[in-house]
Every structure is written in C-alpha cells, then in structure tokens.
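Dear colleague,

Please find below the structure that I am passing on to you. A summary of the findings follows it.

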Amino acid sequence: MKEVRTSIVLPRDLYAELKKRAVEEGKTVKEAIVDAILNYLSRKRERSKIKEQILKPCEGAGPEDLREYGGEDID
C-alpha cells in the first residue's frame, strides 16, 4: 500500500492525550491516528448501510401500511 505524507496541527493537550493513550495500548501515535481514521470511516459506511436497510422496500409492504399506523409515504 502506498503511503501519503501529511501534516496536521493539533492542540498540545490533545496530542499529549493521544500519545499517552497510544503508549498505554502499545501503539505508535501514527497507528493510533490511523485506527481513529479507520473507525471514523467505518461508522459512515455503517450509517449508510443502516439507512439503505431502512429505506429498502419490504416484500408485501405498501403505502397502506404507513397510513394504518399514521405514517406518511416518503416518496
């Protein structure tokens, strides 16, 4: 995998906490940052997947089901 070098500016207190947590977990700061980014990205995919499941038509369901329970069709 190719890597990209980037720079960010963090508040000193935040960096100190990041470094402390990384040491506690036996990681480098880089590994901790990569883990945090992967976690952030996976949450977005999960939200997207959940939204897809919620909006996916269900066999046998129709607009009349929404009216029965006081809902509205979201077409």
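Leucine 10 is found in the segment before helix α1, where helices are DSSP runs of H or I with at least four residues, numbered from the N terminus. At 32% relative accessibility, leucine 10 counts as partly exposed; buried means under 20% relative accessible area, exposed over 50%, and partly exposed in between (1.4 Å probe, protein chains only).

This is a predicted model, in which local features need pLDDT of at least 70 and side-chain atom pairs count only at pLDDT 80 or more, while totals for chains, interfaces and linings use all residues. Residues are numbered from 1 along each chain as its sequence is written, and side-chain values use heavy atoms, with hydrogens and water left out.

The protein chain has three helices and zero strands (DSSP runs of E, at least two residues). Of its 75 residues, 7% count as buried.

Three salt bridges were counted, a salt bridge being a side-chain nitrogen of Lys or Arg within 4 Å of a carboxyl oxygen of Asp or Glu. One of them joins lysine 30 and glutamate 3 (3.2 Å, N to O). Lysine 30 lies in helix α2 (residues 29–55) and glutamate 3 in the segment before α1, so this pair ties together parts that are 27 residues apart in sequence. Glutamate 3 is exposed, with a relative accessible area of 63%.

Glu25, Lys27 and Asp35 are linked in a network of salt bridges.

Yours sincerely
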